[in-house]
Amino acid sequence: MIKPLLLLLSGLVFCSAMLPDPENELEKSIARGKTLYAGNCINCHMAKGEGVVETFPPLAKSDYVLKTPLKAIQAIKFGLQGPIQVNGVTYDNMMPEPGLDEQEVADVMNYILNSWGNSSDKKLITAQMVKEVKPAE
């Protein structure tokens, strides 16, 4: 009786060790996103996500990013043109499509959502979630 129980417990421990740790995955994604942000976003949105007043919207403490993350994903994935409201200010500039793949878009979003005072409740944006976002109509 004890031998089968030990075998079962050993199997459970082994299987649980093989499952991805969501918190660790988020940390890895944030680190990759930081590098991608530095190479693609920092020139307009600045090092601390503060943006440029009335030219490039802030990402730090941004209601647009925090309240409508799917729109933010859409902007990163497909670029953005036309007016948007961020923290009560209208921005009407063009953001070109950066040419990132779905995992890279997810990584940048995870970095933005967890930096500069932003808090996403530690929810992981995945490549699959990005894949499901379609262009604006």
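Predicted model: local features only at pLDDT ≥ 70, side-chain atom pairs only at ≥ 80, totals over all residues.
Let me begin with Y37, which is buried, having a relative accessible area of 1%.

Since Y37 belongs to helix α2, residues 22-40, and Y111 to helix α6, residues 102-113, the pair ties together parts that are 74 residues apart in sequence. Y111 also counts as buried, at 9% relative accessibility.

From Y111 we can go on to W116, because the rings of these two residues have their centres 5.3 Å apart, and with their planes at 80° the pair is edge-to-face. Y111 and W116 are both buried, and Y37, Y111 and W116 together form one aromatic cluster.

Now, staying with α6, how does this helix pack with α5? Helix α5, residues 69-78, meets α6 at an angle of about 130°, and the axes are 10 Å apart. Angles over 145 degrees would count as roughly antiparallel and 65 to 115 as roughly perpendicular, and therefore α5 and α6 are oblique to each other. Their crossing is right-handed.

As for the residues involved, α5 contributes P69, A72, I73, I76 and K77 to the contact, while α6 contributes E102, V105, V108, M109 and I112.

Note on methods
Residues numbered from 1 in each chain as written. Heavy atoms only, no water. Helix = DSSP H or I, 4+ residues; strand = E, 2+ residues; numbered from the N terminus. Buried < 20%, exposed > 50% of the residue type's maximum accessible area, 1.4 Å probe, protein only. Phe/Tyr/Trp six-rings, centres within 6.5 Å; stacked < 30°, edge-to-face > 60°. Axes fitted to C-alpha atoms, helices over the stretch in contact; angles between N-to-C directions. Parallel < 35°, antiparallel > 145°, perpendicular 65-115°, else oblique. Left-handed = near helix turned anticlockwise from the far one by under 90°. Contact = heavy atoms within 4.5 Å.
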